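Open your viewer and get ready to click through a few selections. We will visit the ligand and its surroundings, then a pair of rings.

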Amino acid sequence: MTAPQLPADHPLVTDDATRSTARSALITALRGGTPDRRPVWFMRQAGRSLPEYRQLREGISMLDSCLQPELASEITLQPVRRHDVDAGIFFSDIVIPLRLAEVGVDIVPGVGPVLDAPVRTAADVAALPELTEESLEPIREAVRLTVAELGSTPLIGFAGAPFTLAAYMVEGKPSRDHLGPRTMMHAEPDTWNALASWAARASGHFLRAQIEAGASAGQLFDSWAGSLSLGDYLTHVQPHSAAAFAQVADLAGPDGVPLIHFGTGTSEILPAMRDAGASAVGVDYRLPLDEAHRRLTATPGADGRGAVPLQGNIDPALLEAGWDVLEAHVREVIEAGSVAPGHVLNLGHGVPPHTDPTVLTRVVELIHSVAP
Ligand code: CP3
């Protein structure tokens, strides 16, 4: 394995102890070591559960706010300051690469990503503009500003996986069953492959820009991969997710950025998600972590890897179930996760908008109080 090609001042390789993230709890756990404290962060920790977020977002649209570096940076930092979580997750969205490539897209409040025109034919795919390196400058700038403030707390960069991104593009809006992309991969496999390849390039570029600018870990969100059978995942999706990961593979490896792969409803495809090129797997709330670990161990990949560090999987529904119920659940998750070679506490999906943020802070305190 060659040394990661990270810039010399990158937080994972810098000699400056005030900026180094190499020994942080998050990176240690994701590399399979024993951290000083149990690392925890929350998907969607930056967002509507925080009054200070709602205040900053007044009068500015979601996607516009992502492209103002000072604003995106401040929103990324808010939950780190408030909750003492072990990582920042970059404030952006999986459809930002579309916006940067000048594909017409907006996020409609309460609905989600909506495209001006769905992408359904070979001609639609051929007409997609490529994402340019220059267009990613606001992303790089926001990451640089954020990393400068975070010091030794790592920033996680992310991108949407090709299936989840393409699912929005084909449907043109959020959907429950993702029939459009699932039909396309069988009826028009060439069109599907061209679209998913486009999405893999866009996501890979987006993730790479964040890592090069200072993100210490990367997460690929395949939020809707759970709608796929294992067979469809392996044939029509995994090669494209592997292509997205491959675009940052030279920045990863044992001394480079850990790469996390997360989706919901993915109990049947966890080994396949690992084998797409992830060093750690995020698990949703449906499967206990000890069972996820058992499945990964039982089904090693072609490279011989079985068990990998896990991330998850506190049920977001229990955030409102009362403290005693929630505390017992968090302790169970810690216990189940202890069988994995490394464990990063997280939710099984994002923070619900109406969550009481003081409950999140208390969950962080609880997790940090349990010796690693
Ligand atoms: O705190 C964080 O996790 C960082 C930022 C982040 C956002 N979106 C901000 C956001 C991240 C990592 C994402 C990823 C994302 N975006 C995913 C994958 C994660 C997941 O939840 O499965 C997906 C599927 C999207 C697409 C998307 N963007 C949806 C479905 C929505 C919700 C629509 C709604 O209004 O209910 C969004 C909007 C969005 N992205 C918000 C935030 C904070 C809410 C918009 C707002 O505050 O106005």
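Start by selecting Arg-44 and the ligand: a backbone N or O atom of Arg-44 lies 2.6 Å from an oxygen atom of the ligand, a polar contact (a pair of N or O atoms within 3.5 Å). Keep in mind that this is a predicted model, where local features need pLDDT of at least 70, side-chain atom pairs count only at pLDDT 80 or more, and totals for chains, interfaces and linings use all residues. Residues are numbered from 1 along each chain as its sequence is written, and side-chain values use heavy atoms, with hydrogens and water left out.

An N or O atom in the side chain of His-349 is 2.7 Å from a ligand oxygen atom, and one in the side chain of Arg-57 is 2.8 Å from an oxygen atom of the ligand. The ligand taken alone exposes 870 Å², and the protein buries 91% of that (Shrake-Rupley method, 1.4 Å probe).

Finally, move to the rings. The whole structure holds five aromatic pairs (ring centres within 6.5 Å). Select Phe-158 and Phe-206: their ring centres are 6.0 Å apart and their planes stand at 85 degrees, so the pair is edge-to-face (planes over 60 degrees apart). Phe-158 is in strand β4 (residues 155-160) and Phe-206 in helix α10 (residues 189-213), so zoom out to see the pair link distant parts of the chain, 48 residues apart (helices, H or I, at least four residues, and strands, E, at least two, are DSSP runs).

Notes
A polar contact is a pair of N or O atoms within 3.5 Å; within protein, one must be able to donate a hydrogen and the other to accept it, and residues adjacent in sequence count only if both atoms are side-chain atoms. Rings of Phe, Tyr and Trp (its six-membered ring) pair if their centres lie within 6.5 Å; planes under 30 degrees apart count as stacked, over 60 as edge-to-face and the rest as tilted.
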